Amino acid sequence: MTDTMQIFPSLLISLILSSGLFFSCAQPALTHSANYEEETADFFKKDDAFHFNTPKGTYVLRFFSEDILEVEFFPEGHDHDTGLETELSDSEREVRDQILRSSHAVIMEPQHPEVLVTRENEQTIQLNTDGISVSFDTIYNTFSFYHNGRRLIEEHYGFVQNEDDNGYRVDFRISNSEMLMGGGSRALGMDRRGHRLELYNRAHYGYETRSELINYTLPMVLSSRRYAIHFDNPTTGYLDLDSENDGTLGFEAFSGRQAYQIIAGDTWENIIDNYTQLTGRQPLPPRWALGNISSRFGYRSQQEVLDTIAKFREKEIPVSSIIIDLFWFGQEIKGTMGNLRFDEETFPEPAEMVQKLEEKGVKTVLITEPFVLTTSGRWDEVLEEGVLAVDTLGAPAVYNFYFGETGLIDVFKPQGREWFWGIYRDLMNTYGIHGWWGDLGEPEVHPDWVRHYGNLKAREVHNIFGHRWAKMVFDGFVNDFPERRAFNLMRAGYSGSQRYGMIPWTGDVNRTWGGLLPQPEISLQMGLQGLAYMHSDLGGFAGDLVDDELYTRWMQYGVFQPVYRPHAQDDVPSEPVFRSEKAMQLSKTAIELRYRLMPYIYTAAFQNSISGLPFMRPVFFEEPDNFEAYRISGTYLFGDDILVAPVLRQGQREVEAYMPSTANWYDFYTGEMYHGGQQHWIGTQIDRIPTFVRGGAVVPMADLVQSEADYSVDHLTLKYFFDAEAPRYETMVYHDDGLTSESFEKGMYEKLNVSIATSAAGAQNKQVVFNLETERGDQFRDPGFSGITIQAKNIPNEPLTATVNGEPVSFTYNAETRMIEFDRFTMSGGENLFMFTFER
């Protein structure tokens, strides 16, 4: 076939697409076709996978479920693995093959859904499940994908090999209207269509309103048409989100596996659940990780660490952990990285320090990096142990970066992982360290001439270096500390890194209003891509700007992001106890709210661990067919029932908040009602950011404590926002000891199930009934849920009656605020019925 003849069909397809017919088409009617059972040399089924032989190579299609499938391509006559020209050991060959040819993201085992194969004509083979369906064009050798009657996307040219036999590209046709998200951590707006995104994990120091790349890239795209494509190849490359404005979505890779997965669902909750089922879910972190974390770059001595926590206790500002940056192993920023031992002069008694902190309810976290400098105290050791990446001649790779002349620990090498984890294990056993911060894990500097175990080039493994490092730490906890939950703060990884407990952050953001502005967008985007714990350095990291308004607004926003961690260069203190009195008091108010909301936040963490649902959710979760909602990041949901509109601009007296049409929304503080489906301008207050609650919902709150170590659910306050248009509501509050790994799976948990029903009680009255029921795992031993106080807002009149399990309960009613506070009561075993009646 001539080049002209090859191009002509695609031009014809383009004309059809541009006419608008392509995406207005429904899924082809297939039910009248007989089941196509014939197998030919070009199409056959083997081991629950469907094989399509074409002149270009072989496509293998696997259904993981009715909503997830994978397409993998094996090109004819192409083998991109030139690394085998070097003599390798069996172990090196095994690692190399695993790295280049296996998925690093997918852990799901196929569920073998029933697939109906039909063939309407000689050109089209169709494979159908009860959810996702596929049409394969045998002339153009391309796939089209559907879900429950909705057409999703189709390949354009399929997989195309580069002319120099070095990499490949695969393209898809997309509709004119759909919006595209994904690609990892970037500040580009919620709709990222129109960009060609580099896939190379790299830091961006001091970014503000816009950044093409922030530490953590992901080869994943999500569409407003409710599907996702994950390109399952971690090597460096590009993700093209229609940068030429020609309706093309493309992926380019330097080498490696040629495969992608399609993930679909009827709702965004379904899509996230499906994707995290495919790539793994985040285990619950220790609960102390959700409290206030004291952190800066950095604490220079043991005494400074202890004095800082003493200051928190003096000012009665809650704090649950402290992170010690690189000065724990050396007195200078440069020249000491890789020591990985406490400096004896500045940290003379680390075990005693950790113990004193623990007595104050504070856990200790240390920073580590994968770099070992030639000037460090361990340089000779790493040379002797052979744990470093090498150069093209097989000698330890040595190069310069900001901190000095360095080598890089090879986390792909068994000896490298064993040696590195041994450092962690010894520090935990010797000093009682509770968690880890793995910094610079892109890796920050990673020359392409560096070779890893199995003669792997740097660019072949660069984007999974952090992923493998996180796996090493997580596996170490599982093997050596099986009862403990891992805390693993890292800034770069790959698809699926959430299953290793990775807690990423948004990098070295500038300490300016421009730095604050994109933070919700970045966290919302990463939550969609499985990384639900993405959060920012509260107050900003880079620079020396002192701006109390900026600092307090960032701290207030932090209440409603997954992790509460102020952190900054030490030109300006990050901790509220060292700020002005006004900034400190405003920050204290925010932190206290964070601690009181812990039952709600911890329940959101539990939801994430079992379904992948992120803490921070775009408003389009509520309105998936509202395309305008896909552009919104300045208003977002935090958990199931709280809506937040942070103050992101200097001197902002009003913020624009979009209230989804799925509910009426009530001001968390005043109880004022706002109708859903509208934009509202909300006046700002100095001591809080605009926060709203879904009408008819309950927000559980705990009593205030100074540390998560003192957290208890012995008494909960249930803040109920009555709404006449929400007659029924259900929620759950999750509780366990906050420390033991897999508590839920082990039956070491308790749930408080809450259901509320409102109904007419006679011609003039309204009755509200709470059903409170505890559910305990068979190994749960804690005191658990007991005392309950109910506060009801938006009640127009004083209650006529109020009872708990048939017994009267006292209350106070404030007619001005329209709020009732019922006296605390103690739940009995089983169901507890609380009800009250008031005049409408």
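How do the axes of helix α7 (residues 414-431) and helix α9 (residues 465-480) cross, and within what distance do they come? I looked this up in what is a predicted model, and I noted that the two axes come within 10 Å and cross at roughly 50°.

Next I turned to D641, which I found in the loop between β30 (636-638) and β31 (642-644). I put D641 down as buried because its relative accessible area is 4%, under the 20% cut-off. Beyond its neighbours within four places in sequence, D641 is in contact with Y600, W665, F692, V693, R694, A697, V698 and Y729, and its side chain makes a polar contact with the side chain of Y729 at 2.6 Å.

My last entry concerns T789, which lies in strand β42 (residues 787-793) and is buried, with a relative accessible area of 6%. Leaving aside neighbours within four places in sequence, I found T789 in contact with H715, L716, T717, L718, E821, F822 and R824; with H715 there is a polar contact between the two side chains, at 2.7 Å. I also checked T789 against N270, 519 residues apart along the chain, and their C-alpha atoms are separated by 35 Å.

How values were computed: Residues numbered from 1 in each chain as written. Predicted model: local features only at pLDDT ≥ 70, side-chain atom pairs only at ≥ 80, totals over all residues. Heavy atoms only, no water. Helix = DSSP H or I, 4+ residues; strand = E, 2+ residues; numbered from the N terminus. Buried < 20%, exposed > 50% of the residue type's maximum accessible area, 1.4 Å probe, protein only. Contact = heavy atoms within 4.5 Å. Polar contact = N/O pair within 3.5 Å; in protein donor to acceptor, adjacent residues only side chain to side chain. Axes fitted to C-alpha atoms, helices over the stretch in contact; angles between N-to-C directions.
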